[in-house]
Protein chains: 2
Amino acid sequence: MFDPVEALKAFIRHPSVSADPAFQAGMHGARDFIAGLLGSIGFAVEIVPTPLHPVILAERKGPASWPHVIIYGHYDVQPADPLNLWSSPAFEPSVRGERIYGRGAADNKGPLLTHVAAVARLLERRPDLPLRITFMIEGEEEMGSPSFPGFLKDYAERLRQADMVLLSDTGSPREDQIVLTCGLRGLVLCDVEVTGARTDLHSGLHGGVLRNPIQALAELCASLHDADGRVNVPGFYDDVLDVEPWEREQLARFGQSEAQYREFLGIPAFYTTKGYTPFEATRFLPTLEFNGIGGGYQGQGTKTVIPSKAFVKISCRLVANQQPEKIRELVYRTIAERMPKDVTYRVIDQHSGTPYVVVPPDRSNTPAGQSPVLARAFRAADAAIAEVFGKSPLYLREGGSVPIIADIKRVLGLDSVMMGLFLPEDNLHAPDESFHLGVMRKGIEASERILEGIAAE
Amino acid sequence: MFDPVEALKAFIRHPSVSADPAFQAGMHGARDFIAGLLGSIGFAVEIVPTPLHPVILAERKGPASWPHVIIYGHYDVQPADPLNLWSSPAFEPSVRGERIYGRGAADNKGPLLTHVAAVARLLERRPDLPLRITFMIEGEEEMGSPSFPGFLKDYAERLRQADMVLLSDTGSPREDQIVLTCGLRGLVLCDVEVTGARTDLHSGLHGGVLRNPIQALAELCASLHDADGRVNVPGFYDDVLDVEPWEREQLARFGQSEAQYREFLGIPAFYTTKGYTPFEATRFLPTLEFNGIGGGYQGQGTKTVIPSKAFVKISCRLVANQQPEKIRELVYRTIAERMPKDVTYRVIDQHSGTPYVVVPPDRSNTPAGQSPVLARAFRAADAAIAEVFGKSPLYLREGGSVPIIADIKRVLGLDSVMMGLFLPEDNLHAPDESFHLGVMRKGIEASERILEGIAAE
């Protein structure tokens, strides 16, 4: 079998930044590398073109009576800048202590190779294992997977034959406490651009006769939360899924104190929706945030203009069972109702993502109709993680979004088992990204056991 | 005599942006140009160093029995960005129809050259004119004249010998309706910077636990006006000077309809303090405006961060008899009281300016002790404007600020005659700034008559 750490080093050396056309060669190299590796362990590899970056499909076929698992991953990485903040070059892997440093080490090259290595080892040991495996590895995850829903539709008939998806693209709090992620937040994003006068105005000559678009925008934004920290958009919470008692019980075992979390963030005090702890708020409640705002003069010193335009970038994180299109409509209607009539404005759609939730088996209210293979996978994962990492996994929803998981559910009808392999110290999307090699070693062992547990007896 | 239009073109070609150190050469060029021009018409020119940009002092001396007028102007200009909104390059003068386009054409290079040309012509015609003239031309007006009060103090003994100041750095409504400006608003400027977490955060992983600094800023800004459009800062209006009946009578002759003004601004509706027309509001009332706002991601598309910082640039325009330091204290106290305690913030002082008011002679309540030269200048200006422009001037306070006018009054005890030469269409501080060449031509004629009227008989 190949050496997983050496493979990860080789994978990191391909600078596969999907968002930047300058990294075309790195995208190509990373794609060829992972495709070659999968070919070398006996998979039939297809490179599926999309409007942008191809998807890799690699199959181990077998009779229809065998369970069929899709392993998802992505070969693209975030941009590495600011490069000067890296302790070693971003695309030159560097092992220091128990960690390997490099862009993409944790997101997602290390976790993806964890599963590839597990499959390789398992098939070496059990060449006749009754399990169909399809690797589905995309190259646009860090750009919001624009081509992926189209790919899913085109390949739906074939992929729908599978029973479930297994992936590691979520996090865990500590190296000995693995999370099986049971929910992801969705997204609705838009920009709001307010226009006052037809051009920037002298604030002396004209100040006092018109509503400054920054003022209009501030008044709108200030109206979007109430005194209890709730999003003040009528109907916003209508479809929010209740929190199950087992979820609160799991979260109580999370192991980080509020003081530790507050110190990590560096804030004077938390600001959460009344009645929810910070840990609950990020997982169980939707948000409306302002990701950016701009207008007028932003340089040094002063420029006494009344700007013609100002804009804000809004994102809502949604929880199950909120529907992005419904939330988008509610937000837009609220903006329309509250925007002062002495300015004009437009709303610019940005992307959306549906929230996702999967209820693991053996919990109250386990939904009917769940795949028995999925239930077996959860049980195998629970046992494998407990044995390999030394502690039972936690079952938690996460605040982040991986919209393609909901797309897979919607288009293919498949649920996902998400084994969180990256840690808070991994610096995802930031300089000095790294992956913990102990977590990788144990992750290979756990993944191997999970896959063996999914296989037919 | 030199050709005023050609001189203006040459003057505009020096990009004298005082606020931006990158324009050091343009500042130097503009200074040399105007100093050279004044030397060429017989003035004794001094370049007076200051901590930042030098002041030009140019004198025509004479016996103490001659009246003495200071002509004020500034050789610096506003930044020209956004450059892409200019129809022709900002620092390449372009004559189209009756207008000359370029940054600084109206503010203040054209009006300043109007007076230089008038002086040149007058002295050519009457070389022995019994009038002392001092040009006092600064290079920091567009940055709030930080060095000017110090310069005034240093040269007070000499400058106090003068009787009055003449300048054109204010506006008139139409090319046939000139305003003699009787008041200017003051200024108080500051930046407010709000900080949330110690770094930008992933809005999924952490969204819901802290107050976004953009939200904190929006809530603050939204609180600073009440439902009647008044500035909602306790004590803000305490010292505001009452409007005199003659001021309303003058304003009634202003000649622009509200519909015309609204159309000029390009706004759906006015937003003024309740009980005041737009024309009254800009002249007789103070304001609090937002000149710029920024924070988080402002590029194309989306980046789902909770920014660590956000800032707003605030400016208050003050009217007589508000005191800048008192208003600054009231605003800062209000910010401190309203800023949520779950963020941190700092306020960065920017410059201030005192409001100014001068009551022209022959009005009710003419204050005692006004210089007889000033009264003669007002009468000469009234007659000259009526003859040259075809209509008597209006006597109005203006919404803009020229803080050094109040400084001159305070330090030197001198009042100013302000002949408004720029028009609403001149796009001051905005792209496509221009100056009307017909106004310049008539302005030279009027200035010549005014100066001749000030001179001893």
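At what angle do the axes of helix 3 and helix 13 of chain A cross, and within what distance do they come? The axes of helix 3 (residues 105-125) and helix 13 (residues 437-454) of chain A cross at roughly 55° and come within 8 Å. This is a predicted model, in which local features need pLDDT of at least 70 and side-chain atom pairs count only at pLDDT 80 or more, while totals for chains, interfaces and linings use all residues. Residues are numbered from 1 along each chain as its sequence is written, and chains are lettered from A and ligands numbered from 1 in the order in which they are written.

**The helix pair**
- Axes are lines fitted to C-alpha atoms, for helices over the stretch in contact, with angles running from 0 to 180 degrees between N-to-C directions.
- Residues of helix 3 of chain A, including Gly110(A) and Leu122(A), meet residues of helix 13 of chain A, among them Met440(A) and Leu451(A) (contact: C-beta atoms, placed from the backbone, within 7 Å).

**The whole chain**
- Chain A has 13 helices and 18 strands (DSSP runs of H or I, at least four residues, and of E, at least two, numbered from the N terminus).
- The C-alpha trace of chain A spans about 80 × 50 × 45 Å along its principal axes.
- Among contacts in chain A between residues at least 6 apart in sequence, 79% join residues at least 24 apart.
- Of the 457 residues in chain A, 55% are buried (20 or more other C-beta atoms within 10 Å of the residue's own, placed from the backbone).

Notes: Buried ≥ 20, exposed ≤ 12 C-beta atoms within 10 Å, placed from the backbone. Contact = placed C-beta atoms within 7 Å.
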